Amino acid sequence: MNLILGVGGGIAAYKAAELARLLQDRGFAVNVVMTASAREFVQPLTFAALTGRKVMTDLFDQSSPEGTLSSSVEHIGVAQENEVLLVAPATAGLIAKFAHGLADDFLSTTYLAFTGQVFIAPAMNTNMWNHPATRANLQILRDRGHVILDPEAGRLACGTIGPGRLAEPRYITDQVALLARPAQDFVGDTVLITAGPTREAIDPVRYISNRSSGKMGYALAEAAQRRGARVVLVSGPVQLTAPAGVALVKVTTAQEMHSAVLQHLAESTIIIKSAAVADYRVASAAAQKLKKTGEPVTLTLEPNADILADVGRRKEHRFVVGFAAETENLLEYGRQKLASKRADMIVANLVNSSVTGFDTDLNDVTLITGTGDIALGQASKRELAGRILDYILRQRAGKS
Ligand code: CTP
């Protein structure tokens, strides 16, 4: 989900940096808007580096530092492209502006042009928090349907003790993740997702497998389900809990995954094959545990069927997405897979990095389609899941 993080001026502005990071971990694409006074506390560059996106500041500021962007109509675009506006820290001044519709800088004009969900996390001196004017302004915002994430009590920067300290970034993130309602743009779709590795038995206690964690597939399942899809998740053995509301089909081997996919193909409108399927199985797995002999052992492997290619052959009107996990020649191999498996999109990623790829929380992917490549860049798997789903809808709309 696309989120605007509005940063007001106050000592708590530095906590917005942690907030930006936590929100991205939870799958939000974070676009930061700073007030002029916020810039007195934190450099826009901090947020630009954390989010990999331009930071927006004052409306008519022509002398914006590197990494910031200002234009007299930019706030309209920003307001339209995002589903959630979170203002943290929200000063008493900002709250007053929002309550009364005063629009004189980037953040307050964005607020007025914004039609999505609004979360306000105030931070201010205790007397300002308790002032009848602030109480009345907050009530106006509550009545408008905004969620107010109350500050905590404690020792404040000004030396007083009482309410006014910005709520913990972790708490704010949890609340936004819990309450933000994503667009229901997958209603009517059944999305079949495969995730994780497969295991091919050598004997009753040993197997051949790979390093896939299933995180990308599970993130896709969660995101599609939240956006209104019916989701069937065919999963190899992973250490993850299936998202609530998703139909989970547990499998172990590639052959089991193949038959589970075929069984659910008819009801599916979108198939996403993020599983790392074993290309080979042991020709004749031993019925009893193999004993060591001190001699070299030879295992004969026979090929597994290519599930994605099989789905590609039978896809009819369905939108089919494959993954390409490569260690070299990413785009070339990805394009070959797009054609050979008759997929509509290949999500290509390099897996020989310690930061992104297998068993990490980050990924760096390029979407390969019949109409060109789209580099999504490095982001959390949850954030990428949302963006992959966005492009699936766009590509499908273009196809029909
Ligand atoms: N795939 C599949 N069935 C297989 C092997 C792969 O459905 N037996 C799917 C994967 O789920 C993924 C895509 O094919 O969506 C590409 O998988 P990958 O392992 O990158 O490629 P392979 O087709 O196995 O080709 P290679 O090993 O030569 O890279």
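Glu-316 is found in the loop between α12 and β18, where helices (H or I, at least four residues) and strands (E, at least two) are DSSP runs numbered from the N terminus. The phi angle of Glu-316 is near 50°, a positive value in a residue other than glycine. At 64% relative accessibility Glu-316 counts as exposed, the classes being buried for under 20% relative accessible area, exposed for over 50% and partly exposed in between, with a 1.4 Å probe and protein chains only. A positive phi, of about 55°, is also found at Arg-342, although Arg-342 is not a glycine. This residue belongs to the loop between α13 (330-340) and β19 (345-350), and Arg-342 is partly exposed because its relative accessible area is 47%.

The model is predicted, so that local features need pLDDT of at least 70 and side-chain atom pairs count only at pLDDT 80 or more, whereas totals for chains, interfaces and linings use all residues. Residues are numbered from 1 along each chain as its sequence is written, and side-chain values use heavy atoms, with hydrogens and water left out.

The secondary structure of the protein comes to 14 helices and 21 strands, and the C-alpha trace spans about 80 × 50 × 40 Å along its principal axes. Of the 400 residues of the protein, 52% count as buried.

Of the 14 residues around the ligand, Lys-273, Ala-275, Leu-308, Phe-323 and Lys-341 come nearest, a residue being near a molecule or strand if one of its heavy atoms lies within 4 Å of it. By class, the shell has eight nonpolar, one polar and five charged residues; here Ala, Val, Leu, Ile, Met, Phe, Trp, Tyr, Cys and Pro count as nonpolar, Asp, Glu, Lys and Arg as charged, and the others, Gly among them, as polar.

Taken alone the ligand exposes 570 Å², of which the protein buries 77%, with accessible areas taken from the Shrake-Rupley method with a 1.4 Å probe.

Elsewhere in the chain, Gln-117 lies in strand β6 (residues 117-122) and is buried, because its relative accessible area is 15%. A polar atom of the side chain of Gln-117 lies 2.7 Å from the backbone nitrogen of Arg-181. Helix α6 (residues 106-113) is mostly covered, with six of its eight residues buried, and these are Phe-106, Leu-107, Ser-108, Thr-109, Thr-110 and Tyr-111.

Met-128, in helix α7 (residues 126-130), is by contrast partly exposed, with a relative accessible area of 42%. The C-alpha atoms of Met-128 and Ala-92, 36 residues apart along the chain, are separated by 6.8 Å. Finally, the peptide bond from Ala-88 to Pro-89 is cis, with omega near -5°, and Pro-89 lies in strand β5 (residues 84-90).

Technical notes:
A polar contact is a pair of N or O atoms within 3.5 Å; within protein, one must be able to donate a hydrogen and the other to accept it, and residues adjacent in sequence count only if both atoms are side-chain atoms.
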